Amino acid sequence: MSSYELPVTTAKPAAHAPIPVRRSLSTRWISLLTLVALLIIWWAVTATGVIEPLFLPPPSAVLQKGWLLATTGYMDSTLWQHLSASLSRIGLGLGFAVLTAVPVGIAIGSSRIARGILDPLIEFYRPIPPLAYLPLIVIWCGIGELSKVLLIYLAIFAPIAIATATGVRTVDPAKLRAAQSLGATRAQLIRHVILPSALPDILTGVRIGLGVGWSTLVAAELIAATSGLGFMVQSAAQFLVTDVVVLGILVIALIAFAMEMGLRALQRKLVPWHGQAH
Amino acid sequence: MALLQLERISAQYPGATEPVLSDISLDLGPQQLLVALGPSGSGKTSLLNLIAGFVEPSAGRITLDGVPVKGPSAERGVVFQDDALLPWQDVLANVGFGLELAGVSKAQREVRAREMLALVDLAGFDSRRIWQLSGGQKQRVGLARALAADPRVLLMDEPFGALDAFTREQMQELLLQVWRRTAKPVFLITHDIEEAVFLATDLILLAPNPGQIVERLSLDFGQRYAAGESARAIKSDPRFIETREHVLGKVFSQRQVSA
């Protein structure tokens, strides 16, 4: 327990960055330089003709293709349409997963009976690679949107449910007792103490789930789709349009990176007390 | 007329052979500040948990206003050793939390919460975050939160145990002022002998194996402070020192018996 006196004004406490600013900046510079170096190597091996454009097109060609895709499109859809098809699938999957996995996680974390019923079910399907049960989902639900969203949903559900249950189980018992001695009912305990306490874990679960979900989605689109980034990459590969393949992979990577960064920012905004001494 | 009554209370952990508390009888009346003092293992925390309703006695009866105590409730406010505040709310919302649970409107509970913050000398701290507070400030918020719900009795579980010596003395004086102004009966547990002697109107001394009351004292040092005498004058009063040494001797003789 800390008892430091802070001459607090309105400024946020500096405890957010345990590493001094100068060092974190230099780490960032190293990462940036690595990226630049990779780009230069890419450009060098293609410009000198060491690697043929069929296997690796030059950066300029990929960039040009990107412009073409964004404006006129590929396989009847522009890059944006492919992108929004993929994003809306993961958005739907994530939305349903959060709405169901959080209550399930709370139930597992707070009730012995719910844990007995649900824990083995989740632990049974969680380690199965989603692509292994995709054929079964296709048999049951066809190759339409439902199959893809369902696949994402299942991939995201388990990490969120498990993280929520962990968060619920590790709620500070003193906070629960404090709320009880202020007259909290069981529902109020969940709403006012358990849920906010578990929020950092829930958000970590969402982060993990989104990572798994995104890779699952792209893989699913490789198999059965008429739009989406995965589909775009797959069909381009069949016609050996390598620049579209490379571009597609880059966009997929960028989206994953953006989602991770966005969630970290959300975590900082929603749970500013996390990691603080309290 | 006793407000809170414990009649021949015993308590035992499930599976344990020895009880943690044996045959405890206690009364807490209005205007009283009852302090339970004892070394670790004397069951004082168990005693507080019983009164708070967090655990049930294996024998005996606890009543508040003649009604048997069953489970935790807002009429028995608790201040914990570690603040147990909610970091996702600011100070004002923390203090008004009990009222929020009771369904009091936001405007009303904020008025009440500000009154309580002023009472513990934290006026103007409304929008501070919990992690921006010092240990002593957190305990004051905890005290304000318990008082805001207007409990019948206030239970304090080693509230100043984690504070440094200087802050602890300040908090003791603050508690006496608050106690005088709110006229709330207080039940406080501590292992700090000087704290116990200074605060208590009624002091019970607990001994371990199993936890039992070995001595009861009626004291007036806290009342003298509340009436305006200075803390230093009281604590250097020969009668205070004599009482402190007497209690200290009791605690040590008990420890030798148990060791």
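1. Size of chain B. Chain B has 259 residues, and a compact globule of that length would have a radius of gyration near 18 Å; chain B has 18 Å, so the two agree. The radius is taken over C-alpha atoms, and the globule rule is 2.2 Å times the number of residues to the power 0.38. Along its principal axes the C-alpha trace of chain B spans about 55 × 45 × 35 Å.

2. Basis. This is a predicted model, in which local features need pLDDT of at least 70, side-chain atom pairs count only at pLDDT 80 or more, and totals for chains, interfaces and linings use all residues. Residues are numbered from 1 along each chain as its sequence is written, while chains are lettered from A and ligands numbered from 1 in the order in which they are written.

3. Make-up of chain B. Chain B holds 10 helices and 10 strands. These are DSSP runs, numbered from the N terminus: helices are H or I with at least four residues, strands are E with at least two. Of the 259 residues, 50% count as buried. Buried means 20 or more other C-beta atoms within 10 Å of the residue's own; exposed means 12 or fewer; partly exposed lies in between; C-beta atoms are placed from the backbone. Among contacts in chain B with a separation of 6 or more, 70% come from residues 24 or more positions apart. A contact needs C-beta atoms, placed from the backbone, within 7 Å.

4. Annotation. An unreviewed UniProt entry annotates residues 4-233 of chain B as "domain: ABC transporter". Such annotations may be inferred rather than shown by experiment; positions follow the numbering used here, and feature names are shortened. Over residues 4-233 the chain is 35% helix and 24% strand. The end C-alpha atoms of that stretch are 33 Å apart.

5. Domains of chain B. Chain B splits into domain 1 (4-75 + 152-258) and domain 2 (86-150). The bounds come from an automatic or database domain assignment. The domain centres, over C-alpha atoms, are separated by 25 Å. Nonpolar covers Ala, Val, Leu, Ile, Met, Phe, Trp, Tyr, Cys and Pro; charged covers Asp, Glu, Lys and Arg; the others, Gly among them, are polar.

6. Chain A against chain B. The contact takes 23 residues from chain A and 28 residues from chain B. On the chain A side, α7 (173-180) and α8 (186-223) are the elements giving two or more residues. α7(A) gives the most, with five residues. By class, the chain A side has 13 nonpolar, seven polar and three charged residues. In α7(A), A:K175, A:R177, A:A178, A:A179 and A:Q180 are buried. The buried residues of α7(A) pack against α8 of chain A together with β6 (76-79) of chain B.

7. Nonpolar core. The largest core has 137 residues, and A:I160, B:V35 and B:A144 have the most contacts inside it. A core is a set of buried Ala, Val, Leu, Ile, Met, Phe, Trp, Tyr and Cys residues joined through C-beta atoms within 7 Å. Helix α6 (residues 145-169) of chain A supplies the largest share, 15 residues. Domain 1 and domain 2 of chain B both give residues to this core, so it lies between them. Not counting residues up to four places away in sequence, B:V35 touches B:L188, B:T190, B:A196, B:L199, B:A200 and B:L203.

8. An exposed site. A:S31 is found in helix α1 (residues 21-47) of chain A. A:S31 counts as exposed because it has 10 C-beta neighbours inside 10 Å.

Note on methods: Two residues are in contact if their C-beta atoms, placed from the backbone, lie within 7 Å.
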